[in-house]
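Subject: Handover of a structure and findings

Dear colleague,

Please find the structure below, together with its sequence. My findings follow directly after it, and I would be grateful if you could read them with the coordinates open.

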Amino acid sequence: MKQICLFVLYFLVIIKLNAQPIFEWGLQLGSTGNEMTGGIVTVKNDLFVTGSFENTLHCSNLKASSKGSYDIFLMKTNTNGEPEWIRSLGGKNADYGYGIMADANQIYIVGNTYGNVQFEEQVFEGEGAAIMVSSWSHG
């Protein structure tokens, strides 16, 4: 099973090919600003994608809004390429998600932040550029 993630014409495109390789499904993410890929990983039958976006990121009927400049996103899809959720992490300055990995219980994202960032109710304080590693359970 191959999964390919591409940045094409201002949109993020995820394409799944089987071993032949024959196209199985495609998924497009777009924002009202710019978006960038950071990485893609599979866990069991789920696919997780990270990257960065400006303004509002849309995929199917899901969306995430940035809190300032660029924010980090984490998106989960099922094995059929149907998006299940999108989460954002960021603050008023630019924040970038550059890489992603997983183990049996957690998803890990590494990136850069420039100041305080917020994920849901948790705020991570910092000044200047920093390397950030964060984790989420993938349930």
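In which strand is the place of Thr-56? Thr-56 belongs to strand β6, which covers residues 56-59. Please bear in mind throughout that this is a predicted model.

Surroundings of Thr-56

The relative accessible area of Thr-56 is 18%, so this residue is buried, the limit being under 20%. Which residues is Thr-56 in contact with, once its neighbours within four places in sequence are left aside? They are Gly-30, Ser-31 and Thr-32, together with Lys-63, Ala-64 and Ser-65.

The four-stranded sheet

An open sheet is built from four strands in the order β4-β5-β8-β9, and their pairing is antiparallel. At its edges stand β4 (35-43) and β9 (83-89). Each of these two has a single partner strand, so one side of each is left without a neighbour in the sheet. From one strand to the next, the twist averages 20 degrees.

Although β9 is an edge strand, five of its seven residues are buried, so β9 is largely enclosed by the rest of the structure. Its antiparallel pairing with β8 runs over six bridges. Two bridge partners in β9 may be named here: Leu-89 is the partner of Ile-72, and Trp-85 is the partner of Lys-76. The hairpin of β8 and β9 has five residues between the strands, and Gly-81 takes a positive phi near 80 degrees in this hairpin.

Strand β5 also contains Leu-47, which counts as buried at 2% relative accessibility. What is the separation between the C-alpha atoms of Leu-47 and Asn-78? The two atoms are 6.2 Å apart, while the residues are 31 residues apart along the chain.

Aromatic pairs

How many aromatic pairs does a search of the whole structure find? The search returns five. One of them joins Phe-53 and Phe-73 in an edge-to-face arrangement, with 6.3 Å from centre to centre and 65 degrees between the planes. Phe-53 lies in strand β5 (residues 46-53) and Phe-73 in strand β8 (residues 71-77), so this pair ties together parts that are 20 residues apart in sequence. Phe-53 is buried, its relative accessible area being 0%, and Phe-73 likewise counts as buried, at 1%.

Another edge-to-face pair is formed by Tyr-96 and Tyr-114, with 6.4 Å from centre to centre and 80 degrees between the planes. Here Tyr-96 lies in strand β10 (residues 95-102) and Tyr-114 in strand β11 (residues 106-114), so the pair ties together parts that are 18 residues apart in sequence. Are the two tyrosines, Tyr-96 and Tyr-114, buried or partly exposed? Tyr-96 has a relative accessible area of 17% and is buried, whereas Tyr-114, with 33%, is partly exposed. Both residues belong to one aromatic cluster, which is formed by Tyr-70, Tyr-96, Tyr-98 and Tyr-114.

With kind regards

Terms used. Residues numbered from 1 in each chain as written. Predicted model: local features only at pLDDT ≥ 70, side-chain atom pairs only at ≥ 80, totals over all residues. Heavy atoms only, no water. Phe/Tyr/Trp six-rings, centres within 6.5 Å; stacked < 30°, edge-to-face > 60°. Buried < 20%, exposed > 50% of the residue type's maximum accessible area, 1.4 Å probe, protein only. Pairing = 2+ DSSP bridges. Axes fitted to C-alpha atoms, helices over the stretch in contact; angles between N-to-C directions. Contact = heavy atoms within 4.5 Å.
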